[in-house]
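The sequence and structure come first.

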Amino acid sequence: HAVVSLADVAPTILSLLGLSGFVAVDGTDLVPVMNGRRLPPRLVYAETIATELDHGWSPLYAARTDSFLFVRAPRPELYSFVSDPGQRSNLLEDSLAPELGVVVSDLDRQIDDLLRQQTDTKAQLPDPATREQLRALGYQVADSEVPYAGTDPKDGILWVNKFGEAAVAVERGQYEAPGRFARDMAKKFPTSASAHGLHGRVLMLQGRPQEGLQAAREAVRLNPRNSSFHELIAKILMRLGRNQEAAIEFERAAELDPAQAGIWRAKAKMCRGNVAAARRDVEELVRADPREPAYLLWLARLHVETGRPALALDLCAQALDVDPDSEEALTLKAVALVLTRRESEAEAVLSDMGERGQRAVVRYRIAWAYHRRGDSAEAERILRELVRTSPEFEPAQQILDAWHNLHGEEGRS
């Protein structure tokens, strides 16, 4: 067996295709190995700093040779591939033989050598003037680098798994249990930007934007280069009616994530009231990449929200040509059909979606479409059905309560 790395995949593919290789690359062409040649002894390297960026825990670095795998962590690990290919017995948990001490020292030194060759990816602290401007806007700004807790990721893996489950539950419109989990995780791991971010998102969706803003800003303080946290702050600020500040956050997100920059800059223009300019920007994105579903669907949403559902239908059709199974495109198509008073076609789309078409979050958007076109009775019927069949989906009850309170029907609420 040869010791190989994911870094070997690209040069190997180029070689198989008969294309010239990269000028400088970490990986090795594996075609000779496929043809029966042996690779000389080598060390391959792996790392993750996601544990540090997402949760403020220790990063992980690993070095692998023919015989050993060494993982640098608060509680380091060493495995022998000769006697333990399944990596079940950490040799560093017992008294270490002198010869293994030499192995650990050598692999640890080689990790240091590799890290010294890398560019520092940590965010630079803003200058004093910028820090004061941010504080004036209400941000918590550190005067020094945020200290990391150094938690061994092995101690947090169960929390990470549950975090994923909580995030999925939020997507399905379930907020209470995920909100409690995110709050508890943020308390247990106060350096976890992801926990604070999820807590902020849930609070926003529960109609508690001021509390959500505080949690989202803590997430940005801990990981200022995560564009999704800036986007979350922008959405919360919009709910608070602070659109000018929201525009600044969308622009900040655009600076951090060039891949989404066009969409976020368009959202910034919308926040400043320039809907026509935002629509032109997204139309330009669509012209530049007419088969990118994200651009097509965002422009479709703009048309839906500005009273152009027929144009939205055309864009949904284009998106479905690219991805016929896109849940967002199918849902948006059903919404646009309701807005154009083609209810039977909308129900047919939802029926073709199967279980997805009956999900609470999808039916909720259909209720919005009925309300938007002036049929509040049908919207209320759908929401009441959601409250009965999906009591864990909190937005339906929130909207019903808001409607009844608005019309002086607190008793029904």
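Buried means under 20% relative accessible area, exposed over 50%, and partly exposed in between (1.4 Å probe, protein chains only). The model is predicted, so local features need pLDDT of at least 70 and side-chain atom pairs pLDDT 80 or more, while totals for chains, interfaces and linings use all residues. Residues are numbered from 1 along each chain as its sequence is written, and side-chain values use heavy atoms, without hydrogens and water.

The two residues below fall into separate classes.

| Residue | Relative accessibility | Class |
|---|---|---|
| V9 | 41% | partly exposed |
| G357 | 0% | buried |

V9 sits in helix α1 (residues 9-16); helices are DSSP runs of H or I with at least four residues, numbered from the N terminus. V9 also belongs to a nonpolar surface patch with L6, I13, L17 and L19, with about 530 Å² of accessible area together. Such a patch takes residues with over 30% relative accessible area and no salt bridge, joining nonpolar side chains within 5 Å.

G357 is in the loop between α17 (343-352) and α18. From G357 to G408 the separation is 51 residues in sequence and 33 Å in space, C-alpha to C-alpha.

The largest pocket has a volume of about 2,000 Å³. Its lining holds 45 residues, and R201, M204, L205, K235 and R239 lie nearest its centre. Elements that give two or more residues to this lining include α8 (193-205) and α10 (227-239). By type, the lining residues are 27 nonpolar, seven polar and 11 charged. A pocket is an open set of points on a 1 Å grid where a 1.4 Å probe fits, with protein on both sides within 12 Å along at least five of seven lines; lining residues have an atom within 4 Å of a point.

Notes: Patches are made of residues with over 30% relative accessible area and no salt bridge: like charges are joined within 9 Å, nonpolar side chains (Val, Leu, Ile, Met, Phe, Trp, Tyr) within 5 Å. Accessible areas come from the Shrake-Rupley method with a 1.4 Å probe; for residues, only the protein chains shown count as cover. A salt bridge is a side-chain nitrogen of Lys or Arg within 4 Å of a carboxyl oxygen of Asp or Glu. Grid points are joined across faces, edges and corners, and a volume is the space filled by probe spheres set on the points. Ala, Val, Leu, Ile, Met, Phe, Trp, Tyr, Cys and Pro count as nonpolar, Asp, Glu, Lys and Arg as charged, and the others, Gly among them, as polar.
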